[in-house]
Amino acid sequence: MSSDYNLSHLDELEAEGMYVLREVAAQFDRPAILFSGGKDSICVTHLARKAFAPARIPMPLVHIDTGHNFPEAIQFRDDLVETLGVQLIVGSVQDLIDRGEVAEETGFNASRNKIQTPTLISTIEAHRFDACVGGARRDEEKARAKERFFSHRDDFSQWDPKNQRPELWDLYNGKHQPGEHFRVFPLNNWTELDIWNYILRENIAIPSLYFAHQREVIRRDGQILANSEYLNLRPDEKPETVQVRFRTLGDLTITGAVESDADNLEKIISEVAAARKTERGGRMDDKRSQSAMEDRKKEGYF
Amino acid sequence: MAQGLLRFITAGSVDDGKSTLIGRLLYDSKTIFEDQLESIEQASNQRGTDGADLSLLTDGLRAEREQGITIDVAYRYFATPKRKFIIADAPGHIQYTRNMVTGASTADLAIILIDARAGLLEQTHRHSFITHLLGIKHMVVCVNKMDLVDWDENRYNEIVAAFQSFSSRLDIPDIRFIPISALQGDNVVDRSDNTSWYDGPTLLQHLEHVHVAADRNLQDCRFPVQYVIRPQTDAHRDFRGYAGRVSGGVFKVGDEVVALPSGLGSKVTSIAIGETNVDMAFPPQSVVMTLADNIDLSRGDMLVRENNQPDSIQDLDARICWLGDQPMRPGARFELHHTSREVKAVVKEVVYKLDINTLHRIEDDLEIGMNDIARVKIRTAAPILVDDYRRNRATGSFILVDPGTRLTVAAGVIYT
């Protein structure tokens, strides 16, 4: 900050994100923050803490639990919830499977990514959430590049990208019919590098998985996947121990690791700045087709 | 010194080379990643086009890729050591004007592309007019495809003169012209060897240095209250803070302020961003202020200075862009959203509709349909606190929401 009233771009993004979160609290009856345990939802939560200080965050954190978690991420989630004194609501994919509401994929590349969507929708309906704040960013993926801050979902939780509501200035219209809801994205204008620089600047705690560590992995279709009980190995696949870190944290079975020796934030930032592949380049779920993300978003994905 | 953030919009049809220009900026600033390029090359091959079609990078929806057009605004990000940029890549077709308005409403600068062979087109006029209407103070007119007119200085000057003759009717204080070839990169990032007659900056140099912080209103103190923070915890039993984003002026701890509409005065006792106290707040900061007195103040109200107050009005003279699918019904009632306030409103009169290609006023056909721009008179159920849009974008703008469908059906700017 300087005397001629210039703000750094991180200050400006922070101000925008806090403004969006306060609009959510002011405009909606039953808002929630979708918390995955990844760095983006951790940043959203940090912004929410700042936006409502010295009060507590006036909305619960919602975790859609695939059951295929990194144990470190769950521990991190529980610690954070306790520190903040907010309510945690868990929507469990396993529960839906057990109730027979969804069928699990089978095969070598089976993942629970796709059935997260019905779990999310059923959690939204059960708690009658009218706004779900997420950590998605426009720079992640080309369908996300089209997102509004307040993104309307019909009563089937569907996104209609060809006919989005106009969004003018910072006048966010959260009006909706009963049963409809909004997805809200305070980090829309942040890039991956902004997130890391902000984590460094604000000294935000993140799960250890983001830092380089030794891990047993397998290599599949150019990806490095963490070996776990949830992964179905092909006969020719042999686990090996490699120094890796994760650029994103999703379901354990689909989140690709990168070989890295970045064991602190400064090293991560230089690595991200020099990276020649996008962070979602390591996500098997996006690789299914050119429109994989658009199709999942239309159905109600995050 | 680092310049912070620049938000700009690019307008023009695909044929004007807009996607190529954006691709060039992203590529030359090393923002296109390997996997994105691979995926684009793969898709281009499938469609049988030569080389990588960079527009596939910006056209993110299935329907856009199929038709080769841009339907909705896509946002792109790149940075140089000097500045960080947000590009709103706006659609050019008239039926998506409302999406261009969405992109333009938050932009500090507009890039208008003109094909050097074609000269000024209808779209050039429409996009320039929307830039003017949305109060964007900086415009860069890129005369593109100069390689296809043999870098002819006379042709360039003709286009500049034609544009100036049109833009003299618009209120855009800073207009700059740059001859470029987006395809070959001339004058985009690197200076061209083909334009010895042009001595201005390249596009990127200009974007890196253009000064937009001064466009923010630092004179008129305006703090619309967005949310009242009352922790009701043991540690903060009596705390009452007013959260909001500064829309104008500079607020300092100790300042005497007036709450509107109540007119009650008080003093700023603290300003905080999160848990950190600061001495002052200015646009576009999001802060929490506390006051010396426990006065009636809540969402929709505004803190200002005694000697500098916005107009409190119920009759608005406004320019609107109609965004709804259905035409505006005469006498229809709306919810008007202005800063953090909502009031009921009715459009009492359509004064004229504008032909945005010619800027002519249409007074004999006053039906307002999607994408129409009109001057209207609006009456609100209660006074709202406004400034002229040209002086303050935040307090001079509003949207109309249909109370039945709950959709945003119009965007408006107020001239006082």
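Colleague: What should I know before we start, about numbering and about the model?
Modeller: Residues are numbered from 1 along each chain as its sequence is written, while chains are lettered from A and ligands numbered from 1 in the order in which they are written. The model is predicted, so local features need pLDDT of at least 70 and side-chain atom pairs count only at pLDDT 80 or more, whereas totals for chains, interfaces and linings use all residues.

Colleague: Why is B:Trp151 called buried?
Modeller: A residue is buried if 20 or more other C-beta atoms lie within 10 Å of its own, exposed if 12 or fewer, and partly exposed in between, with C-beta atoms placed from the backbone. B:Trp151 has 20 C-beta neighbours inside 10 Å, so it counts as buried. This residue sits in the loop between strand S5 (138-144) and helix H7 (153-167) of chain B, and its phi is positive, about 55°, although it is not a glycine.

Colleague: And what makes B:Thr339 buried?
Modeller: B:Thr339 has 28 other C-beta atoms within 10 Å, and therefore it is buried. B:Thr339 lies in the loop between strand S17 (333-338) and strand S18 (341-355) of chain B. Its phi is positive too, at about 45°, and B:Thr339 is not a glycine. Across chain B, 48% of the 416 residues count as buried.

Colleague: What makes H5(B) oblique to H6(B)?
Modeller: Axes are lines fitted to C-alpha atoms, for helices over the stretch in contact, and angles run from 0 to 180 degrees between N-to-C directions. The axes of helix H5 (residues 97-104) and helix H6 (residues 122-133) of chain B come within 10 Å and cross at roughly 40°. That angle makes H5(B) oblique to H6(B), because angles under 35 degrees count as roughly parallel, over 145 as roughly antiparallel, 65 to 115 as roughly perpendicular and the rest as oblique.

Colleague: Which residues of the two helices meet?
Modeller: B:Met100, B:Val101 and B:Ala104 in H5(B) meet B:His127, B:Ile130 and B:Thr131 in H6(B). Two residues are in contact if their C-beta atoms, placed from the backbone, lie within 7 Å.

Colleague: How do you know that strands S1 and S4 of chain B pair?
Modeller: Helices (H or I, at least four residues) and strands (E, at least two) are DSSP runs, numbered from the N terminus. Two strands pair if DSSP finds at least two bridges between them. Strand S1 (residues 5-11) and strand S4 (residues 109-115) of chain B have four bridges, in the parallel sense, so they pass that cut-off. B:Thr10 stands opposite B:Ile111 in S4(B).

Colleague: Why do S2 and S6 of chain B stand at the edges?
Modeller: The open sheet of six strands has the order S2-S3-S1-S4-S5-S6, with mixed pairing. Strand S2 (74-79) and strand S6 (174-179) each have a single partner strand, so one side of each is left without a neighbour in the sheet. Neighbouring strands here are turned by 25° against each other on average, direction ignored.
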